[in-house]
Amino acid sequence: MTMNYRTLGGTGIQVSVHCLGTMMFGAVGNPDHDDCARIIHAALDQGINFVDTADMHSGGESEEIVGKALKGRRDDIVVATKVHFQMGEGRNRSGNSRRWILQGVEESLSRLQTDWIDLYQIHRPDHSTDIEETLCALTGLVHAGKIRAFGCSTFPAEEIVGAYHVAERRGLLRFRTEQPPYSLLAGGIESSVLPVCQRLGMGVLTWSPRAWGFLSGRYRKGEDAGLSAGRPRCARIGSIPRFRRTPPSSRPPGSSRSWRRASAAPCPSLRSRSPWRIRPSPRSSLGRVP
Amino acid sequence: MKQLEDLVNGASLTLDDKILDRIDEIVPPGTNLYNPDDVWSPPALADAALRCRALAERAAALGETH
């Protein structure tokens with residue numbers, strides 16, 4: 001496979017169009033660190049130079065695995081991680097406050113065994129913290145050389161626009177990327193988030209491109225879907241009437257086609273649904289593996 | 001590892017317009033068939049108090065007519 005590269009959200013950083021997502025590395029998914037390292041190295045060997053993790057994935061274990069696996073190759077890899085969710089005990093160990101961001105980044109740097117993070121993302125909005133406070137902390141981290149750029153994840157369009165204007169008004173750096181959920185089954189961002197990102201020149205990474213594994217080919221027509229297994233939240237998809245586990249003969253036509261679609265190819269969803277309808281900005285990196 | 005291999009192999013797939021149009025028929029553009037993220041939503045969606053002004057401040061109570 002020939003790997004293509006794009007500029008990440010106007011930062012000048014060149015990233016592969018496919019980014020290796022590592023949420024399932026660690027106790028939540030694959031606890032075998034050596035196996036995870038092999039996956040990372042195989043991805044790098046394919047030309048992928050973009051690895052995304054988060055502090056909260058397996059309580060920091062994913063970051064540790066990534067840090068260990070990238071030893072000796074760090075300079076060539078663009079490493080992204082996130083902050084926001086609760087990390088351990090303590091009232092101020094979550095959210096988007098300056099206090100937690102400044103502490104959280106040090107802990108991530110330590111787990112990743114690196115001196116800098118290429119892309120530091122705010123994992124979710126936090127209405128208890130003024131966005132100016134968050135942007136100010138992140139801008140300081142860029143100036144301190146601890147991060148190279150920052151972005152957000154799962155922000156609604158209005159929050160992205162609001163943050164953009166606050167940054168502009170206050171002379172702060174701005175979110176360069178957004179990472180929303182996006183798949184064949186979840187195209188909601190096409191109505192506002194993607195157009196906003198395009199207009200603001202932001203890069204877009206996507207999470208859950210295979211809809212919690214539903215589009216992985218694991219679930220096949222006529223077979224027990226086992227929707228209660230795997231990623232725990234995956235079970236929720238069974239609550240959608242269209243995809244409820246029912247005998248194939250009683251499924252509505254749309255469901256049947258969707259199931260065929262899900263199992264037709266090794267990876268129908270790697271590129272999600274975007275490239276053909278919302279033409280992504282050349283600045284965007286859209287795919288995520290896995 | 002198999003997952004990675006499958007995904008990387010699939011990256012070279014090119015879908016023609018007919019298939020893409022069909023996908024759009026199944027899942028219309030701009031729509032979600034499920035809620036992909038229930039971790040965060042505007043607080044007012046869950047808290048009725050945030051959606052309503054105090055009773056005395058509502059339009060009818062103030063004698064406004066619309």
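1. Let's start with Val78(A). In this predicted model, Val78(A) touches Ile13(A), Val15(A), Asn49(A), Phe50(A), Asp118(A) and Leu119(A), leaving aside residues up to four places away in sequence. Val78(A) is also among the residues with the most contacts inside the largest nonpolar core, which has 62 residues. Ile40(A), Val66(A), Val79(A), Tyr120(A) and Leu185(A) are listed with it there.

2. Next, have a look at the strands. Strand β5 (residues 78–83) of chain A pairs with β6(A) in the parallel sense, over 4 bridges. Along this pairing, Val83(A) stands opposite Ile122(A) in β6(A). How many residues of strand β6 (residues 117–122) of chain A are buried? The count is 6 of the 6, so β6(A) is largely enclosed by the rest of the structure.

3. Two helices are worth a visit too. Helix α2 (residues 61–69) and helix α3 (residues 98–112), both of chain A, pack with their axes 7 Å apart and at an angle of about 45 degrees. The two helices are therefore oblique to each other. On the α2(A) side, Glu63(A), Glu64(A), Val66(A) and Gly67(A) take part, and they meet Ser108(A), Arg111(A) and Leu112(A) in α3(A). By class, this contact has 2 nonpolar, 2 polar and 3 charged residues.

4. Finally, please look at Glu159(A), in helix α5 (residues 157–170) of chain A. Is Glu159(A) buried or exposed? With 22 other C-beta atoms within 10 Å, Glu159(A) is buried, because the cut-off for that is 20 or more. Phe25(A) is 134 residues from Glu159(A) along the chain, and their C-alpha atoms are separated by 30 Å.

Terms used:
Residues numbered from 1 in each chain as written. Chains lettered and ligands numbered in written order. Predicted model: local features only at pLDDT ≥ 70, side-chain atom pairs only at ≥ 80, totals over all residues. Core = buried A, V, L, I, M, F, W, Y, C linked by C-beta atoms within 7 Å. Buried ≥ 20, exposed ≤ 12 C-beta atoms within 10 Å, placed from the backbone. Contact = placed C-beta atoms within 7 Å. Axes fitted to C-alpha atoms, helices over the stretch in contact; angles between N-to-C directions. Parallel < 35°, antiparallel > 145°, perpendicular 65-115°, else oblique. Nonpolar A, V, L, I, M, F, W, Y, C, P; charged D, E, K, R; others polar. Pairing = 2+ DSSP bridges.
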